Amino acid sequence: MTDTTQAIKHHLPGPSLPRPSLPRPRLPGDLSPRAMIERILRVDHAGEYGAKRIYDGQLAILGKSANAPTIRHMAEQELKHLSAFDRLLPQRRVRPTLLGPVWHVAGFALGAATALMGEKAAMACTEAVEEVIDEHYTRQLETLDSLAAEGKAEPELQALIAEFRAEEIEHRDTAREAGAAEAPAYPVLSQGIKNATKLAIWLSERI
């Protein structure tokens, strides 16, 4: 090997090592950590309340159907989620969304309307809502990871959201197994409910 070849090899860069992820620098207009937590708590409380009302509506129609035990089980888990946020809001001095009365009526109406279309339509409603909630909770966990990297960790909230996300995924999978995709006009019904859920999330975060 020549001296020139040795010199070239000596100066070649070695294998790149993984770099630790760093939090994104906070930019003008970004929410403060406090405001981010307030938004998370407000919207999650609204979402769990809306979910409870959807199941209330479904059970009002399908309370004696074959799927009633499954719906009740999911409703009980949503009530547990709601109770956790009922506790956290006053504890953290966060006001609930002003749209609570709207979600009270709209959630029940959505649940009852899809139940009147049949058990599979009710399951399609659950599947669509839970797909959006899975994405929503995933984004929140990423936000909490970023806050932790800035030294503002929220371990209790992060653990709760991770637990609730797992149960929402379970609801989605249960609905699929129960024939959600066989509902009448499934693609239109599913996409419409997803769009409405995303709008409800956006509004509840801000109002």
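**Cavity, pockets and selected residues**

The largest share of the lining of the largest cavity, 4 residues, comes from helix 5. The model described here is predicted, and the count of cavities of 30 Å³ or more comes to 1. This cavity holds about 60 Å³ of space. Helix 2 and helix 5 are the elements that give two or more residues to its lining. The residues that line the largest cavity are Ala-51, Ile-54, Tyr-55, Glu-78, Cys-125, Thr-126, Val-129 and Glu-130. By class, the lining of the largest cavity divides into 5 nonpolar, 1 polar and 2 charged residues.

The open spaces come next. The largest pocket has a volume of about 440 Å³, and two or more residues of its lining come from each of helix 2, helix 4, helix 5 and helix 7. Helix 2 provides the largest share of the lining of this pocket, with 8 residues. In total, 25 residues line the largest pocket, and those nearest its centre are Gly-47, Gly-50, Ile-54, Thr-197 and Ala-200. The residues of the lining of the largest pocket fall into 14 nonpolar, 6 polar and 5 charged.

The second largest pocket contains about 290 Å³ of space. Its lining comprises 14 residues, with Arg-39, Arg-139, Gln-140, Thr-143 and Glu-205 nearest the centre. At least two lining residues of the second largest pocket are supplied by each of helix 2, helix 5 and helix 7. Helix 5 gives the most to this lining, with 6 residues.

Because its relative accessible area is 23%, Ala-35 is classed as partly exposed. Ala-35 and Val-94 are 59 residues apart in sequence, and their C-alpha atoms are 9.7 Å apart in space.

Glu-154 is found in the loop between helix 5 (119-149) and helix 6 (155-177). Glu-154 counts as buried because its relative accessibility is 17%, and the cut-off for burial is under 20%. The side chain of Glu-154 makes a polar contact of 2.9 Å with the side chain of Arg-92. When neighbours within four places in sequence are left aside, Glu-154 is in contact with Ile-37, Arg-92 and Leu-144.

Two loop residues deserve a note on backbone geometry. Arg-93, placed in the loop between helix 3 (68-91) and helix 4 (100-116), has a positive phi of about 55 degrees although it is not a glycine. Arg-93 counts as exposed because its relative accessibility is 74%. Ala-185 sits in the loop between helix 6 and helix 7 (186-206). Its phi is near 50 degrees, a positive value in a residue other than glycine. With a relative accessible area of 54%, Ala-185 is likewise exposed, since the cut-off for this class is over 50%.

Terms used. Residues numbered from 1 in each chain as written. Predicted model: local features only at pLDDT ≥ 70, side-chain atom pairs only at ≥ 80, totals over all residues. Heavy atoms only, no water. Buried < 20%, exposed > 50% of the residue type's maximum accessible area, 1.4 Å probe, protein only. Polar contact = N/O pair within 3.5 Å; in protein donor to acceptor, adjacent residues only side chain to side chain. Contact = heavy atoms within 4.5 Å. 1 Å grid on protein atoms, 1.4 Å probe; cavity = no way out; pocket = protein on both sides within 12 Å on 5 of 7 lines; lining within 4 Å. Points joined across faces, edges and corners; volume = space filled by probe spheres on them. Nonpolar A, V, L, I, M, F, W, Y, C, P; charged D, E, K, R; others polar.
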